[in-house]
Amino acid sequence: MKLLFERSVKGRGSDILPDITTGTYKPEGKYLRQSRMHLPEISEVDLGRHYTQLMKQTHGVNDGFYPLGSCTMKYNPRVDEETASLPSFTQIHPLQPLSTVQGCMEVLYKAEKLLCEITGMDAMTFEPAAGAHGEYTGLLLIRKYHQDRNDSERVNIIVPDSAHGTNPASAAMAGFKVVNIPSNDRGGVDLDALRAAVGKDTAGLMLTNPNTLGLFDPNILEITKIVHEAGGLCYYDGANLNAIMGRVRPGDMGFDCVHLNLHKTFATPHGGGGPGSGPVGCKDFLKKFLPCHMVEERDEFYYFADPEKSMGQVRSFYGNFLVVVKALTYILTLGKKGIPEASGKAVLNANYMMHQLKDHYHVAYDQICMHEFVLGLDDLKKKTGVSAMDIAKGSLDYGIHPPTMYFPLIVHEALMFEPAETESRETIDEAVKIYLDLYEKAHSDPEYLHNAPHHCPIGRPDDVKAAREPVLKYEFND
Amino acid sequence: MGRYIPETLSEQEAMLKDIGYSSIDDLYSMVPEKVRLKGLNIPEGKSEMEVLEDMKEIADHNTVFRSIFRGAGVYAHHIPAIVKTITSKEEFVTAYTPYQAEISQGVLQSIFEYQTQICELTGLDVSNASVYDGAVAAAEAIFMTLERNKDEILVSDTIDPETLAVIRTYCESRSVKVTLLQNKDHLTDIEEVKKNLNERTAGLYIESPNFYGLIEDIEAFAALMHENKARIIEGCDPVSLALYKAPGEMDVDIAVGEGQQLGLPMGFGGPYLGFMSCKKELMRKLPGRIVGETTDHEGRRAFVLTLQAREQHIRREKASSNICSNEALCAMTASVYLAAMGPKGMEKLALSCYSNSHYLAEKLNELGFRRTDEGEFFDEFLTSSPVDPFVLEEKLAEKKILSGLPVKEGILWCATELNTREKIDELIAAIREVM
Amino acid sequence: MFKNPEELKYTKTHEWVKEEDGLYVVGLTDFAQDALGDIVFVNLPSVGDPVTAGEAFSDVESVKAVSDVFSPVTGVVAEVNEAIVDDPASVNSDCYGSWLIKVADVTGTEELLDAKAYEEVCANEA
């Protein structure tokens with residue numbers, strides 16, 4: 001595949017803009033650019049074809065099964081794209097007078113009310129632009145809360161060893177020290193370890209439930225109680241909310257604040273790595289620390305208000321607004337019955353798939369799972385030499401996006417499957433057949449899997465070379 | 001109720017039966033009885049047709065202005081038709097982060113092309129795959145400058161207030177001391193920088209054009225910072241870079257900025273795009289995803305996410321940033337935009353913004369809206385106002401014209417390529433009516 | 001199966017150390033480089049940085065992992081091996097030639113093992 005720059009021919013391109021009509025104002029002097037800017041010079045038709053080729057080398061949700069654990073790759077409804085493309089949303093300047101943006105304000109207000117009900121929270125900000133950004137914001141709420149009480153001793157955030165990597169990274173960024181605690185033999189929080197870890201220095205606990213093994217922690221009420229009794233707060237990582245939405249709420253489980261990933265649970269697309277949206281909800285007592293620009297309503301007029309002891313801003317303006325439009329459309333479509341139906345089917349799909357794989361593959365924790373489950377391929381690797389990576393790469397040849405690999409860290413040779421609710425029984429049956437074929441292949445022809453994939457645009461790339469001799473941009477000859 | 005689950009309820013029951021359960025509720029047996037939700041208190045779902053109608057009705061409560069003379073960080077531009085066509089391709093819209101390189105060469109190559117274009121625009125060596133927006137890019141860049149004995153940052157008070165707000169939040173959480181430098185005639189004052197420099201100063205964050213639209217003398221600040229073994233970060237306007245000196249030409253260490261102008265709609269604040277590029281020596285401090293070129297086992301060119309050991313999923317609490325999802329599709333949008341415009345198109349765009357805004361300044365001056373500053377400006381400028389700015393804003397809004405932004409010092413006006421002579425003359429006539 | 005030269009001292013965390021012209025030279029052992037796999041980058045401290053016995057002074061990156069390197073001694077960094085920044089592969093190919101840092105003003109050391117004792121540590125972990 002040629003690069004844009006390799007398609008460039010001097011002098012080509014189309015006229016997008018009209019000639020200047022306002023006369024001959026021209027800048028001069030020492031501030032002017034001297035160096036040349038190598039941008040592609042390319043006709044519109046060649047530009048279009050370039051990206052059509054790139055498109056063909058991109059695996060989207062509609063290209064096939066996408067059981068990527070912890071990422072909730074569900075179908076992205078088209079109507080959500082349509083509402084977010086309405087010119088009366090897209091063409092609005094964020095600094096227009098309030099009376100001219102009442103529609104946008106209503107979107108934020110309605111989305112806040114609905115998501116608060118779904119999570120059991122009392123207020124929500126849409127400023128964070130992604131999940132990790134939400135984690136950071138939620139942790140700042142916790143920081144502000146303790147500061148406001150003049151409790152400067154609480155510097156630790158407790159994170160289970162099964163947590164997403166963003167959890168400890170966000171805690172560090174928010175100025176906390178990270179205390180890792182081990183999981184118990186069922187992948188849940190080890191209550192004794194938690195009791196031993198909490199104390200006067202505990203600012204809070206970050207937890208995702210169901211956890212990264214896809215298991216709902218039955219001790220959840222005890223866990224949040226232990227943290228609260230020690231004076232800490234409980235943070236809910238919403239990455240796995242798709243398992244439980246409409247069935248049990250973080251707020252009812254004892255969590256004080258949450259972040260959501262609208263690009264997971266609420267069906268907004270991932271865009272190849274963003275834009276996402278990571279709203280943060282909290283209980284009443286934390287509301288006063290939320291970021292600026294909370295939407296309030298009086299006499300059917302929406303306006304912005306800054307919370308009394310606001311943390312300030314974590315992003316410009318009001319977050320990834322158009323993503324919120326998509327999520328709101330989704331929630332209004334599903335409604336009170338559709339939301340729990342979606343989570344229930346996600347859990348059913350995961351159990352259905354796990355059930356059919358477990359006679360061959362080793363399930364890391366063999367019990368009812370939530371929306372995802374983890375296989376441990378340690379034994380397979382010892383027996384055949386075929387690793388989790390090999391199986392994952394093998395599945396690429398069948399048009400399946402691999403599950404999440406080598407995560408969580410506490411399971412060796414882990415493969416984590418999340419077959420979202422929008423996948424049909426037939427799709428899962430076909431995928432199961434493929435994974436059983438791969439299992440056979442691991443025994444009959446391991447070499448074939450070591451070299452997989454065989455039918456993709458490229459084979460396995462040389463990651464070592466990429467990292468040792470970084471080439472991070474195209475080098476021009478002239 | 002709209003739904004996206006393929007199976008009917010009876011089909012789901014059959015699936016349940018196959019795995020030995022009688023109801024979906026049974027699968028939630030681990031959830032303590034007392035917290036199981038009896039029912040969500042939200043409205044019933046609706047059909048696609050109804051939801052679309054409802055959302056249109058909400059959207060209709062907004063005013064779409066015919067003519068916009070307001071910038072302040074977000075700018076109305078023409079978006080070439082090809083940009084929307086390409087970036088709404090389903091594969092690009094719905095793909096996950098390209099961790100599986102073998103089936104993600106499309107997205108990976110597009111990011112590599114984006115990185116190259118950002119390096120070309122800014123004249124620097126290395127770019128990442130984007131961060132959330134320009135304000136976060138500035139905050140992340142500040143973290144890049146910190147060293148063991150350098151934990152203070154100087155920030156010009158001429159920068160965008162949204163960016164300043166984000167910088168303050170980020171720096172406070174990491175105990176980085178922010179010193180705000182008082183401007184002189186809405187330009188950063190080099191004496192003020194000298195006065196506040198000390199051995200703990202990690203760097204200076206400055207924007208050009210700044211919030212007031214003025215071009216700053218970046219080269220002088222870069223020299224001063226480097227003499228003092230500190231870094232300089234420039235927040236820049238990507239459109240202006242087609243005319244004005246690139247950060248790399250002025251010995252800037254890190255360039256950041258808001259990429260909204262590169263083909264993204266204003267969208268009431270987002271999604272936008274924070275771009276970041278830096279000198280090679282800072283490469284490993286750059287946060288977020290980076291795409292690199294390599295080969296596969298047959299020697300074919302391949303693109304991969306690289307230098308991943310910097311990132312949170314590997315380094316966990318020791319990572320310099322927690323960023324994971326970024327704004328990949330927005331980065332692709334910017335890349336398509338820059339390719340569609342080409343070098344000549346970008347130059348024409350920048351000249352149009354320059355010319356139109358200077359024409360606007362002249363016409364406003366005739367009406368008594370005097371420029372308050374003398375410095376050189378690109379496409380935004382500050383004036384006094386002979387009338388109450390809010391009354392003016394309201395009266396112009398009735399004609400679907402968005403006035404300049406009322407600020408403490410007067411009105412901050414902006415003109416881009418969309419504000420042609422005709423549109424400006426119409427504005428001037430409308431203002432005459434109001435006065 | 002791992003090479004552990006007799007003349008060096010070792011830590012339980014898989015660093016080697018030797019005294020040379022009054023400086024303590026520190027590197028990664030054969031066991032360590034093998035466990036890490038292809039090393040793609042070594043984050044070195046700066047000359048003048050203090051190091052403390054038993055505490056991390058550097059980390060090494062492979063493609064999918066990052067591991068701390070602990071200092072066997074307490075002192076001040078006198079030299080860093082810039083060559084391995086450009087050629088991190090040399091830590092894999094010649095771990096005893098590719099030292100990381102040299103430490104001066106040493107005031108204390110970690111519990112150091114001889115080659116034989118260190119071999120046992122490796123055997124237990126393998």
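**Salt bridges and meeting surfaces**

Glu191(B) and Lys194(B) pair their side chains in a salt bridge, 3.6 Å from N to O (a salt bridge is a side-chain nitrogen of Lys or Arg within 4 Å of a carboxyl oxygen of Asp or Glu). Because they sit three residues apart in helix H8 (residues 190–196) of chain B, about one helical turn separates Glu191(B) and Lys194(B). Helices (H or I, at least four residues) and strands (E, at least two) are DSSP runs, numbered from the N terminus. Both partners are partly exposed, Glu191(B) with a relative accessible area of 47% and Lys194(B) with 43%; buried means under 20%, exposed over 50%, and partly exposed in between (1.4 Å probe, protein chains only).

A word on the ground rules: this is a predicted model, in which local features need pLDDT of at least 70 and side-chain atom pairs count only at pLDDT 80 or more, while totals for chains, interfaces and linings use all residues. Residues are numbered from 1 along each chain as its sequence is written, chains are lettered from A and ligands numbered from 1 in the order in which they are written, and side-chain values use heavy atoms, leaving out hydrogens and water.

Over all chains, the search finds 52 salt bridges. In chain A, Asp429(A) and Arg425(A) meet at 3.9 Å, N to O, and both belong to helix H12 (residues 425–444), four residues apart, about one turn of the helix. Glu222(A) and Arg195(A) form a salt bridge too, with their closest N and O atoms 3.4 Å apart. That pair links distant parts of the chain, 27 residues apart: Glu222(A) in helix H8 (residues 220–229) and Arg195(A) in helix H7 (residues 191–197) of chain A. Glu222(A) is partly exposed at 30% relative accessible area, as is Arg195(A) at 41%. Back in chain B, a network of salt bridges links Arg231(B), Asp251(B), Asp253(B), Lys279(B) and Glu281(B).

Glu61(C), Lys64(C) and Val66(C) give 44% of the area that chain C buries against chain B, more than any other three residues. Two salt bridges are counted between these chains. Arg148(B) and Asp49(C) meet in a salt bridge at 2.1 Å, N to O.

The contact takes 27 residues from domain 1 and 23 residues from domain 2. Together these domains of chain A bury about 1900 Å², 64% of it on carbon and sulfur atoms. Leu213(A), Leu215(A) and Asn242(A) supply 27% of the area that domain 1 buries against domain 2, more than any other three residues. Across this interface the rule finds zero salt bridges.

Conventions:
Buried area = accessible area lost by both parts, 1.4 Å probe. Contact = heavy atoms within 4.5 Å.
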